[in-house]
Amino acid sequence: MISALSPLDLDEVLRYMGCPAEKADPETRTLVETCAREMEAAARPRWTGRVLDITLEEDGVRLEGGLLLPGRDLRKHLEGCERAAVFCATLSAQADALIRRWESRDMLRALALDCCATAGVEQVCDQVEQEIESQFPGCSFPFRFSPGYGDLPLELQGEILHLLDAPRKIGLCASSSHILTPRKSVTAILGIARGEIQQTVRSCLSCPARESCQYRKSGGHCGIS
């Protein structure tokens, strides 16, 4: 159960702001520290998920129950996996409201809060992964993979949320343009393999959809570090 954010990694927040930690001046670091404490207090982390059997097909990955996750990138990513945990996580509407409150008053502060929230939802996803992995001792797990990464279409957001009953359980929905609301939220697929698998490195830089990424254009994040 995740009920609150742990202290945020300030160096990570600075990285999201485009400011290497070693180059941050005292004023910027003080701003980030203040915003981190505000976001930690405001956020209400919630998540839900399901573990499902999967079948690798020519056109993608078929989840138990019938939903097809199309694309070659996820199929390749889940080679060796027989199951997957499908989950979603959110910082809830309070995080979005805190950022909006400052957007018309102080854009630098709003940016810092936005980056704190990005670090916060990443923290929550990492904790969700740890909780899931603890249920499957001896198994291997490729990094979590989200719609919008590689050729896995962002249009899947609504179907994944429906599969998880996320609107009812945690108040997480998708807009008509497939952006999650509240905005500081993530959907993800975490493969589960019985044996050892070849681990790959997750990175925005290696994502085939980097240049056209709707998350990046909207200032959001798909869950890939």
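This is a predicted model: local features need pLDDT of at least 70, side-chain atom pairs count only at pLDDT 80 or more; totals for chains, interfaces and linings use all residues.

Started at serine 92, which sits in the loop between S4 (83-90) and H4 (93-103). My helices (H or I, at least four residues) and strands (E, at least two) are DSSP runs, numbered from the N terminus. Phi of serine 92 is near 75°, a positive value in a residue other than glycine. Serine 92 is also buried, at 9% relative accessible area; buried means under 20%, exposed over 50% and partly exposed in between, with a 1.4 Å probe and protein chains only.

Residues are numbered from 1 along each chain as its sequence is written, and side-chain values use heavy atoms, leaving out hydrogens and water.

Next I checked aspartate 165, in the loop between helix H6 (157-164) and helix H7 (166-170). Its phi is positive too, near 55°, and at 28% relative accessibility aspartate 165 is partly exposed.

Then I found a cis peptide bond between threonine 181 and proline 182, with omega about 0°. Most peptide bonds are trans, and most residues other than glycine have a negative phi.

Last, the cores: sets of buried Ala, Val, Leu, Ile, Met, Phe, Trp, Tyr and Cys residues joined through side-chain atoms within 4.5 Å. Which residues have the most contacts inside the largest one? I got Met39 and Leu91, in a nonpolar core of 44 residues. H5 gives the most to this core, 12 residues. A second, separate core has 27 residues, Val61 and Tyr149 among them.
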